[in-house]
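Dear colleague,

I am handing over the structure we spoke of, and below it you will find what was found in it. Please keep it open while you read.

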Amino acid sequence: MVQLTANARGLSTARLLPQKQQKSSLRIASDTIEAFPRCSVSNFSKLRANKRFAYFDRTKYVPVLDSIDADVILFLRPRRFGKSLTLSMLEHFHGVEHRAQYGELFKDLDVDKDVKENRVTPGQYLILKFNFAEVRRTRDLNEAAQGLADNIIWSLKRFYGDYYPYLGGSLDQLISKKINQGDAIDSLRNLVEIVNLTLREVKNGGDTKHPLTNVKGIYLLADEYDAFSNEYMDPHNSQAWAGSDASSLVKDFWATVKGMVDLPYGICRCFITGISPLSLADNTSGFNIAVNMSFKEGVAGLCGLSRADVEETLERICESKTDVEGHLARLTKYANGYHFCNYRKSEPVFNTDTSLEYLQAVLTGEDFNIASPPNSEVSPQFLEICASSPGAVTHIQNALTPSPDGTTPYHLIPYSKLVDRFTLADLQGSALGYGEEVAWHTLLLYFGAFTFDKENPSKFLTIPNHIAATRFSTTILRRFGLLDSMRDAVRFLALHGDIIAPLSGYRKLMAGRDIKPGGYAMTEWQHRDSFHMAILENPGLDPQVEYEVTKPGGGLGLVDLVLTSPGHCVVTEWKTVKIDSLDLGDSLSLDEKAEALSKLRISEVLDLEFHEREKYKEETIGDWIEEDVTAQLKSYLLSPEIRELARSREFHAYLVLVIGSRKILVWEMDEKGDRIGEPVLA
């Protein structure tokens, strides 16, 4: 595997822009904003022609991309970041057929200065564009392969429709002679060869007035290159896809592109967008010419809105500074946090589509639930794949917790490296519990589940925002059939302060997920954080992890998890007894011990003795609770901070003991720190 670094083959840095933007890129045709284009509005010329639309100018990246000394650029982003509009912008700038429209399309945009200073020249290519998100997909892989072939043929016909006046002959003649309806790859090869031949004749003929005189060749734009293959690539079952006609056609397509790059006037430039490098690596083992620019500083802001973009826009459409600050805070919580540079501190960006939907709602007064937007940054299919992988679930659960110091809402995930190329086999190994976790880390990063930490991007990943956090937490619960019951339980917790039902749901989650041997050794913090993840979706709760208090003796303490709602304050202290710490019989395996433990009644759990290897706990679980555990929570409950928090709310306090990752024992306590009644099993 190769570390995720820039390909060193002559990469020019002369024109690379710093990611941090000093000013907004908002462009409007008048003093007022009438509408914002969603990501579904992805045709650059139509957007620019409609003067109602605001446009966030990204044309300054045109010369940046042009300066990169690479034939093929791979640029990857999560869904709904405006990749299609970016390709349309490049198409309209570089396409020879749009040369006459340059003034009306670009004259007031950033790139115009570069054009006037001869740093970049418009209209120098014939544009060959593919959109693999448009491929007809079915469960039958043979039918799917035909859908991909039809999509390729349609794109080739569209190319001839745009350029037949430049290539000689009629459109019907070109299609009948050069398109082989039964062989999409042969038809692609024919197209590139006729362009190469035509341009060579133009160059050799010396006709300086020919419309193709200054044309360099083909600029291939591949939009959502992996949208088709991602539908079928499953890390838990890779054989069906690997042996299919669809997989073979994908390989043949990119192998042909690679071969045509070597022609003098063939495919001179290639810009590929998608979500992850998985499909390119797994389906195109010989396609090693692409430079992955996804996390390079110079293009990190190519897709996504900066804080300056959002803030200036809100200032234009809001009536007061208070409104601006309120909307900006909501957008920051739910849509911001994406940091696409892995070696430099800089401002993160907002998800484009979610932000534009929200801004449109602010502009028009429409209802828009930003906590659950219709278009997720993470695809539903990928969510399901992650939820079925123990390795991925572990990573996500670890990330879906506040940082230990409470400064950030999500935990930082340390990493030492990422990989530029990884395959289904790499993911399958991790999913089964062996091999490096680096492939899953990388995939979660590309799909938008994780992002680089903005303060220390070379060492840590983190969850970007609340939308991503909620998508993953609810998917994991759904995977184990707990989503509806947990929603009801958490709603009951918010209304009544009763924690038993959601803890019961968490116990089922523990037992239901595939636990590797290390799962039985989870710490109290890991269990607490996993439970915290499970209750994230309910907006009526305000969960606070490691809540700092002052104990009666004057020392500081950290309450594991405090939950507040308008009417209730729930204080919990978590403790864990690992399964190997219990005397359940040395001859039993971990799984057998877990099975035996799951059948015990509450009195039998309290009478369980600790194993002799346990140095710090003696006698039984009941004795340990009586002598050690109760005092800690009692000191927290008597603190002034907890008393103030509970002053206007109904008070609840619970000792939560996770025993062997199979039993959860709960003992309620009163405001004075005394136990109430007998413990129960959740």
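Gln146 counts as partly exposed because its relative accessibility is 40%, where partly exposed lies between buried, under 20% relative accessible area, and exposed, over 50% (1.4 Å probe, protein chains only). Gln146 is found in helix H6, which covers residues 141-167, and although Gln146 and Ala246 are 100 residues apart in sequence, their C-alpha atoms are 7.8 Å apart in space.

Please note that this is a predicted model, in which local features need pLDDT of at least 70 and side-chain atom pairs count only at pLDDT 80 or more, while totals for chains, interfaces and linings use all residues. Residues are numbered from 1 along each chain as its sequence is written, and side-chain values use heavy atoms, with hydrogens and water left out.

For the protein as a whole, there are 26 helices and 16 strands, these being DSSP runs numbered from the N terminus (helices: H or I, at least four residues; strands: E, at least two). Of the 682 residues, 57% are buried. Among contacts (heavy atoms within 4.5 Å) between residues at least 6 apart in sequence, 72% join residues at least 24 apart.

Another residue to look at is Asp628, which sits in helix H25 (residues 621-637). Asp628 is partly exposed, because its relative accessible area is 43%.

With kind regards
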